[in-house]
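Hi there,

Here is the structure I promised to pass along. Have a look at it first, and my notes come after.

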Amino acid sequence: MKCTACSVLNTEEAQYCRNCGTPLYPSNEASDASSNKTVWLLLAVIASFVIVELGYFVISTFELDFIYDVINLSSFMMLIPTLTLLIAAVLTPNQKAKIALFIGFGLMLLFLAGYYIS
């Protein structure tokens with residue numbers, strides 16, 4: 001196997017270059033770290049939707065409808081997952097996940113625009 005750093009020929013069994021010590025086979029640690037980051041960001045997006053739904057559930061179960069008179073809670077609660085989608089889309093290293101999150105963000109913006117127009 002030829003070293004990519006110094007071009008010295010090494011044996012096929014070698015893990016590192018005998019001349020410069022460069023690893024001959026790429027490691028998967030970087031891709032594992034980006035996969036973990038993507039998973040955590042997607043979990044954060046899901047958690048934001050769950051938190052909003054739990055909020056609606058608590059308000060309706062305990063008949064706390066007076067909260068809607070104090071603040072416009074519906075629009076505030078819909079901003080939480082929308083902003084979480086945007087932040088996750090910007091921070092995720094995975095391109096396919098980034099595209100899906102930006103599409104979700106755009107759909108949420110359309111939903112919010114429809115909500116405010118009606």
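Below is what I found in it, grouped by region.

Please keep in mind that this is a predicted model.

**The cores**

The largest nonpolar core has ten residues: L41, V45, M78, L85, A88, A89, L101, F105, M108 and L112. Helices α1, α3 (73-91) and α4 (95-117) each contribute at least two residues to this core. Leaving aside neighbours within four places in sequence, M108 is in contact with F49, M78, P81, T82 and L85.

**Helix α3**

T84 is one to click on in α3. Its relative accessible area is 18%, which is under the 20% cut-off, so T84 counts as buried. Not counting residues up to four places away in sequence, T84 touches A44, V45 and S48.

T38 sits in helix α1. This threonine is buried because its relative accessible area is 8%, under the 20% cut-off. Its contacts, with residues up to four places away in sequence not counted, are T92, P93, N94 and A97. T38 and A88 are 50 residues apart along the chain, yet their C-alpha atoms are separated by 8.2 Å.

V39 also belongs to helix α1. At 45% relative accessibility, V39 falls between 20% and 50%, so it counts as partly exposed. V39 is one member of a nonpolar surface patch, together with W40, L43, I46, V50, L54, F57, V58 and F62. The patch residues have about 930 Å² of accessible area together.

**Helix α2**

I67 lies in helix α2. With a relative accessible area of 24%, which is not under 20%, I67 is partly exposed and therefore not buried. Leaving aside neighbours within four places in sequence, I67 is in contact with I59 and L73. For a contrasting distance, take I67 and T22: these residues are 45 apart along the chain, and their C-alpha atoms are separated by 63 Å.

**Two backbone angles to check**

Most residues other than glycine have a negative phi. Which residues have a positive phi here without being glycine? S7 is one of them, with phi near 65 degrees. E63 is another, with a positive phi of about 50 degrees.

S7 is found in the segment before α1 (29-61). Its relative accessible area of 45% lies between 20% and 50%, so S7 is partly exposed. E63 is in the loop between α1 and α2 (67-70). Its relative accessibility is 65%, over the 50% cut-off, which means that E63 counts as exposed.

Happy to talk any of it through.

Best wishes

Notes:
Residues are numbered from 1 along each chain as its sequence is written. This is a predicted model: local features need pLDDT of at least 70, side-chain atom pairs count only at pLDDT 80 or more; totals for chains, interfaces and linings use all residues. Side-chain values use heavy atoms; hydrogens and water are left out. Helices (H or I, at least four residues) and strands (E, at least two) are DSSP runs, numbered from the N terminus. Buried means under 20% relative accessible area, exposed over 50%, partly exposed in between (1.4 Å probe, protein chains only). A nonpolar core is a set of buried Ala, Val, Leu, Ile, Met, Phe, Trp, Tyr and Cys residues joined through side-chain atoms within 4.5 Å. Contact means heavy atoms within 4.5 Å. Patches are made of residues with over 30% relative accessible area and no salt bridge: like charges are joined within 9 Å, nonpolar side chains (Val, Leu, Ile, Met, Phe, Trp, Tyr) within 5 Å. Accessible areas come from the Shrake-Rupley method with a 1.4 Å probe; for residues, only the protein chains shown count as cover. A salt bridge is a side-chain nitrogen of Lys or Arg within 4 Å of a carboxyl oxygen of Asp or Glu.
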